[in-house]
Amino acid sequence: MNSSVIEVLLIPFLGTTAGAAMVFFLKDTISPRLQKIFLGFAAGVMVAASFWSLLAPAIEQSEGLGRLAFIPAAAGFLVGMLFLLVLDVVTPHMHMDMQEEGPQETGLKKTTKLLLAVTLHNIPEGMAVGVVLAGWIYGVENISGAGALVLAIGIAVQNFPEGAIVSMPLLAEGMTKWKTFVAGVLSGIVEPIAGIITIAAAGLVVPILPYFLSFAAGAMMYVVVEELIPEMSEGSHSNVAVITFAVGFTIMMILDVALG
């Protein structure tokens, strides 16, 4: 695995790290309005990336199936959703609204459960970058190194506000700013790891790469539908979240179509 591949895999991680570093500059809480702005933007980027960077290439690569070209994209997407659903059920974690999910009688601290929730979010993002890189490495048609770079940058952009949002509940639970920053950085390290594992797995089964692409899309969409959209829509300022969703989606679409 050459250095350029590693560099692209690290870009989303750097976005998470930069977001976690905002704990040193923000107050102990983020205003509800700003949180909605961040959540809407992140959701928009992830939805656009799921379609333009993952599902569309999966369908294009399956054109040889004729009218059945939808099968790899549909099957992979549903399995990706199911994969995240299972992780969500079996992993004890806590969302940013302090709602606990997964097994309850674990004895884990609230801060640990918050970090597990962030880690769950980062897994599909790392997989998404990894599978596009795998397509480029193995010369799959309609997938380019520029496309992988654009996807990595888009995820890094949405990781920045996500990292900042997560820092605040950790502070509220009594962690120091330095510990909060380190925890945020560690939660993001799963992204390049997931990317490396995905590249290795995709290399063994290149003919079914469309399934891997759509699998990553399904996993990302699960995060959007299960958490980001509900949190951006509830309470006040939801209209602001809708606007930033549109902005995030449009920016990611432009990047992918123009540069990818």
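Modeller: The expected span of a helix is 1.5 Å times one less than its number of residues, and helices are DSSP runs (H or I, at least four residues) numbered from the N terminus. The model is predicted, so local features need pLDDT of at least 70 and side-chain atom pairs pLDDT 80 or more, while totals for chains, interfaces and linings use all residues. Residues are numbered from 1 along each chain as its sequence is written, and side-chain values use heavy atoms, without hydrogens and water.

I begin with helix α9, residues 238-259. Its 22 residues should span 32 Å, and its end C-alpha atoms are 31 Å apart, which agrees. Val240, Ala241, Thr244, Gly248, Met252 and Asp256 of α9 are buried (under 20% relative accessible area; exposed is over 50%, partly exposed in between; 1.4 Å probe, protein chains only). Down the axis of α9, the buried residues fall within an arc of 125°, taken from the directions from the axis to the C-beta atoms, so they line one face of the helix. On the other side of α9, Asn239, Val242, Ile243, Val257 and Ala258 are exposed.

For comparison, Thr180 lies in helix α6, residues 177-188. Thr180 is buried, because its relative accessible area is 0%. Beyond its neighbours within four places in sequence, Thr180 is in contact (heavy atoms within 4.5 Å) with Val23, Ser167, Leu170, Leu171 and Met175.

Technical notes: Helices (H or I, at least four residues) and strands (E, at least two) are DSSP runs, numbered from the N terminus.
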